[in-house]
Amino acid sequence: MLSRQVAAKLAAYETPFYLYDVELLHQTLESLMTMASRYGYKVHYAIKANYDARLLQIIREHGLGIDCASGNEVRCAIEAGFDPKTIVYAGVGKRDKEIRYAIEQGIFAINCESIEELYVVNDIAAEMGKVVNVALRVNPDIDPKTNHCIDTGQADSKFGISYEEILDRVEDIKALKSLDVVGMHIHIGSQIRELHVFENMCNKVNLIVKNLTALGFELEFVDVGGGLGVNYDMPENEPIPNFASVFAIIKQHLQVGKREVHFEFGRAIVAECGELITKVLFNKTTATGRRLVIVDASMTELIRPALYGSYHNIENITSESEQRLKYTIVGTACESTDVFDENVSLPLTKRGDLLTLKTAGAYGMSMASHYNQHDLPAAIYSDEL
Ligand SMILES: Cc1ncc(COP(=O)(O)O)c(C=O)c1O
């Protein structure tokens with residue numbers, strides 16, 4: 001909970017804005033990288049989670065690489081000073097110009113998600129007179145036990161190449177002379193809180209790596225993606241995600257010999273350090289008796305609740321009232337789904353009060369839009385207050 005002192009300072013800024021706890025981000029990265037180095041694991045930050053330049057600078061200082069989902073994300077990472085040799089690039093639909101750019105930059109690997117993509121990357125690399133490092137993104141058919149809107153590794157998903165298809169096309173893939181298939185990649189979904197899922201993932205990866213090796217692929221690395229979830233319900237109880245447990249599970253169950261093991265965490269790195277600060281514009285009650293608080297943020301600053309039904313803990317950081325009431329918190333956008341949460345217990349909340357939507361550092365600002373011609377929210381950093 002933000003102190004009264006901090007809340008008073010925040011009142012000076014135009015709302016809505018993202019507030020980033022820089023110290024917490026440092027602590028999170030310190031914890032992550034200390035444990036990763038203990039096991040010799042490589043970590044890429046999934047830049048799609050948040051592109052904020054200051055956060056990227058801190059992430060770079062801690063020695064992470066980057067995981068991208070578009071050519072512009074590759075460009076953003078390079079402009080932020082990340083070494084191209086630490087950049088991986090996945091994505092089901094890469095445009096030719098994005099592939100060409102990634103090859104030009106000499107990134108660590110392009111993670112290919114269809115057989116057709118392998119052919120196209122091969123052709124573009126051949127045209128450029130290069131041999132390019134690729135990883136096969138395999139769809140492992142695993143249920144990550146998360147919100148179905150953010151699972152990516154089940155058989156029917158658009159992500160990755162089905163393992164069966166790879167087996168059928170082994171000789172075709174090997175014949176692509178401008179590709180070096182040096183890695184195997186999977187990413188099964190996001191906000192994974194049931195950690196035993198990672199054990200199932202390891203069992204699948206072991207089998208796939210063993211078989212691909214027997215079929216003649218010389219895999220140098222295995223990239224097991226991201227996905228580690230955070231505690232949206234009670235963020236204060238778990239400000240730094242449980243990297244230790246995930247790494248221990250991977251260490252115990254992944255059997256890939258001396259190959260490098262890579263991770264691509266997004267949410268677990270930045271979700272906790274960000275919150276969205278918004279001001280109450282109006283109160284009103286519907287004919288059905290629903291007490292609405294209308295705030296000056298909306299789905300254009302934080303779309304997760306409207307897009308996935310996601311939950312963010314909401315607090316009133318300025319009210320000093322003893323009286324508590326149940327409110328529905330809605331945004332300004334001209335969409336009925338622009339509701340942050342219902343039945344939120346808050347102290348008596350009035351026009352001008354500041355609310356915080358917690359754990360909003362990941363997939364908040366990076367998904368912000370100009371819908372309704374809204375301005376993009378600003379960023380304020382805790383060490384500048
Ligand atoms: C390929 C890939 N890697 C990594 C991530 C990051 O996932 P998370 O933020 O859950 O760690 C994503 C998220 O969508 C992804 O698609």
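Here are a few friendly notes on the ligand site and the aromatic pairs of this predicted model.

1. Ground rules. In this predicted model, local features need pLDDT of at least 70 and side-chain atom pairs count only at pLDDT 80 or more, while totals for chains, interfaces and linings use all residues. Residues are numbered from 1 along each chain as its sequence is written, and side-chain values use heavy atoms, with hydrogens and water left out.

2. The ligand has 14 residues around it, and Ser190, Gly227, Glu264, Arg267 and Tyr363 come nearest (near means a heavy atom within 4 Å). By class, this shell holds three nonpolar, six polar and five charged residues; Asp, Glu, Lys and Arg count as charged, Ala, Val, Leu, Ile, Met, Phe, Trp, Tyr, Cys and Pro as nonpolar, and the others, Gly among them, as polar.

3. Polar contacts (here, N or O atoms within 3.5 Å). A polar side-chain atom of Ser190 is 2.3 Å from a ligand oxygen. The side chain of Glu264 places an N or O atom 2.6 Å from a ligand nitrogen. Arg267 uses its backbone: a polar atom there lies 2.8 Å from an oxygen of the ligand. On its own the ligand has 400 Å² of accessible area (Shrake-Rupley, 1.4 Å probe), and the protein covers 91% of that.

4. Aromatic pairs. The whole structure has twelve of them (ring centres within 6.5 Å; stacked means planes under 30 degrees apart). Tyr20 and Tyr381 form a stacked pair, 5.9 Å centre to centre with 25 degrees between the planes. This pair links distant parts of the chain, 361 residues apart: Tyr20 is in strand β1 (residues 17-20) and Tyr381 in strand β17 (residues 378-381); strands are DSSP runs (E, at least two residues), numbered from the N terminus.

Conventions
Polar contact = N/O pair within 3.5 Å; in protein donor to acceptor, adjacent residues only side chain to side chain. Phe/Tyr/Trp six-rings, centres within 6.5 Å; stacked < 30°, edge-to-face > 60°. Helix = DSSP H or I, 4+ residues; strand = E, 2+ residues; numbered from the N terminus.
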